Amino acid sequence: MSRLGRVTDTGVGRALRARVGGWLRVLRDDLWTARADPMPPSTWLRWLPHGLVCLVAFGVTVGAVGQLVDNGGVGTQIAFPLGLAQGGAMVLALWRPIPAWWLSTAAMLLGALEVRRQLLAGGAPDFTWPWTSAGIIGHMAVLLLLALRVRTRVSVEALALTVLLTYVVQGLLGAGGYSSTGVLAVTLFAVVVVLGTALRGRREARAQLVEQTTLTAEERTRRTLLEERSRIARELHDVVAHHMSVISIQAQVAPHLVENPPDELKENLAGIRENALEALTELRRVLGVLRSEHPGPGEPAGPDGDIAGHAPQPTLDRLDALVENTRAAGREVITEINGERRPLPPGVELSAYRIVQEALSNVLRHAPGASAKVRLTYQPDGLEVEIVNSRPTGPAPPSTGAGHGLLGMRERVAMLGGTMTAHPWHWDGFKVTAFLPDVPPADAPGTHHPTAP
């Protein structure tokens with residue numbers, strides 16, 4: 001052989017040894033482990049499958065011992081541990097499937113070797129070999145439980161080693177005067193591995209679907225929350241812009257209300273007006289970003305194509321008109337105002353109006369035929385808003401909404417530092433209560449306590 005040939009053979013041999021070594025490391029990592037992988041209880045049947053496996057394991061143990069002693073010519077002192085190992089492997093597979101597979105395989109090998117000795121001595125004519133009937137059932141259960149909980153590669157490796165050992169025992173060692181079970185056993189083992197792998201893949205696909213559905217629902221909720229916050233921001237920017245406009249006009253008019261105003265006063269007022277105008281400019285830019293290019297649901301376009309939201313924001317002065325619109329839809333609405341009515345900050349007025357508007361809209365959508373009661377209670381430190389609807393007279397139509405209403409209410413209440421509850425009321429009714437303080441505390445965003453409907 002030439003020097004080039006020797007180098008080539010050496011290189012090929014090294015590559016082959018490296019590949020074989022890699023395969024052996026993979027097998028060792030996959031199958032030479034005792035890690036626990038307990039089978040969880042069934043969703044519907046709870047622990048019933050575990051009990052059935054234990055019952056079948058008991059039958060396998062009794063059957064294996066009976067076969068080995070009565071037909072295989074094996075002594076009881078050997079048959080009993082082998083049968084116990086085959087049945088115990090099924091129970092062990094519920095918690096540690098890979099060690100259970102090793103135990104079942106080892107029991108098959110030891111039993112096959114002992115029965116082979118009896119076959120060669122003529123003590124077990126026509127006995128099923130190398131796998132007994134009970135051994136086939138037990139190993140099928142172990143492979144099924146293994147395939148249900150480990151990766152497909154590990155299941156295939158366990159099946160391949162089982163087939164290899166069956167071939168070595170029956171094909172290479174051999175015996176005489178027996179009924180062959182090797183082909184039947186291998187076929188059944190392959191079927192249960194394919195079945196277990198398919199069931200495991202189906203379970204994982206369903207888990208991924210549930211996870212994806214959960215993520216989609218969370219993303220939809222987050223998007224809904226952002227939409228509500230954007231809507232609230234648009235409304236509040238209108239309120240702030242109005243106040244900044246008033247400040248600018250007052251700063252411009254103030255010097256004319258004083259005879260011979262000093263230069264310092266003129267300079268300060270001019271600075272106030274300039275800052276107010278700059279703030280208005282920035283507000284207009286923000287509003288241009290927040291406002292939609294096209295009208296959204298419930299926002300009709302004006303004659304010039306602008307969104308009706310450019311109009312002044314509603315206050316509690318328009319509460320009567322809101323209630324009349326609900327009555328025009330065929331619902332009974334009662335209003336009650338307690339305490340001395342007084343002007344409230346624009347943000348409070350706007351939020352109170354929107355909460356009542358959304359609550360009445362929910363009554364129209366989700367409570368067919370129900371009546372509603374709106375109660376406003378003016379307290380020294382704020383306003384309490386309560387909307388209660390009675391029991392609906394019919395089933396509610398299916399709703400495809402994502403909970404915009406309650407999200408919007410909670411965001412408004414949180415912004416003002418108030419509190420809110422929303423929960424079912426007597427006899428299938430519903431109640432929304434919100435308290436909006438006159439002056440929000442410094443930690444307003446964290447002081448609300450919404451109650452899930």
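A cavity, on a 1 Å grid over the protein atoms alone, is a set of points where a 1.4 Å probe fits but cannot get out, and the search of the whole structure finds two such cavities of 30 Å³ or more. This is a predicted model, in which local features need pLDDT of at least 70 and side-chain atom pairs count only at pLDDT 80 or more, while totals for chains, interfaces and linings use all residues. Residues are numbered from 1 along each chain as its sequence is written, and side-chain values use heavy atoms, with hydrogens and water left out.

**Cavities**

- The largest cavity has a volume of about 90 Å³, a volume being the space filled by probe spheres set on grid points that are joined across faces, edges and corners.
- Lining residues have an atom within 4 Å of a point, and the largest cavity has 15 of them, with Gln86, Met108, Gly111, Pro130 and Thr132 lying nearest its centre.
- At least two residues of this lining of the largest cavity come from each of α3 (76-92), α4 (97-120) and β1 (127-129), with α4 giving the largest share, five residues; helices (H or I, at least four residues) and strands (E, at least two) are DSSP runs, numbered from the N terminus.
- The lining of the largest cavity has ten nonpolar, five polar and no charged residues, where Ala, Val, Leu, Ile, Met, Phe, Trp, Tyr, Cys and Pro count as nonpolar, Asp, Glu, Lys and Arg as charged, and the others, Gly among them, as polar.
- The second largest cavity holds about 70 Å³ of space and is lined by eleven residues, of which Arg231, Arg354, Glu358, Gly408 and Arg412 lie nearest its centre.
- Two or more residues of the lining of the second largest cavity come from each of α7 (182-253), α10 (346-366) and α11 (404-416), and α11 gives the most, with five residues.
- By class, the lining of the second largest cavity has two nonpolar, four polar and five charged residues.

**The second largest pocket**

- A pocket is an open set of points with protein on both sides within 12 Å along at least five of seven lines, and the second largest pocket has a volume of about 860 Å³.
- Its lining has 25 residues, of which Met39, Pro40, Ser42, Leu148 and Arg203 lie nearest the centre of the second largest pocket.
- α2 (48-70), α5 and α7 each supply at least two residues of the lining of this second largest pocket, and the largest share, six residues, comes from α5.
- The lining of the second largest pocket divides into 17 nonpolar, three polar and five charged residues.

**Helix packing**

- The axes of α3 and α4 come within 8 Å and cross at roughly 155 degrees, axes being lines fitted to C-alpha atoms, for helices over the stretch in contact, with angles running from 0 to 180 degrees between N-to-C directions.
- That angle makes α3 roughly antiparallel to α4, a term for angles over 145 degrees.
- The contact between α3 and α4 (heavy atoms within 4.5 Å) involves residues including Leu82, Gln86 and Ala89 of α3 and Leu103, Met108 and Gly111 of α4, and by class it has twelve nonpolar, four polar and one charged residues.
- Helix α5 (residues 133-149) and helix α6 (residues 152-173) pack at an angle of about 155 degrees, with their axes 9 Å apart, which makes α5 roughly antiparallel to α6.
- His139, Leu143, Leu146 and Ala147 of α5 meet Ser155, Ala158 and Thr162 of α6 in this contact, which has four nonpolar, three polar and no charged residues.

Key: Parallel < 35°, antiparallel > 145°, perpendicular 65-115°, else oblique.
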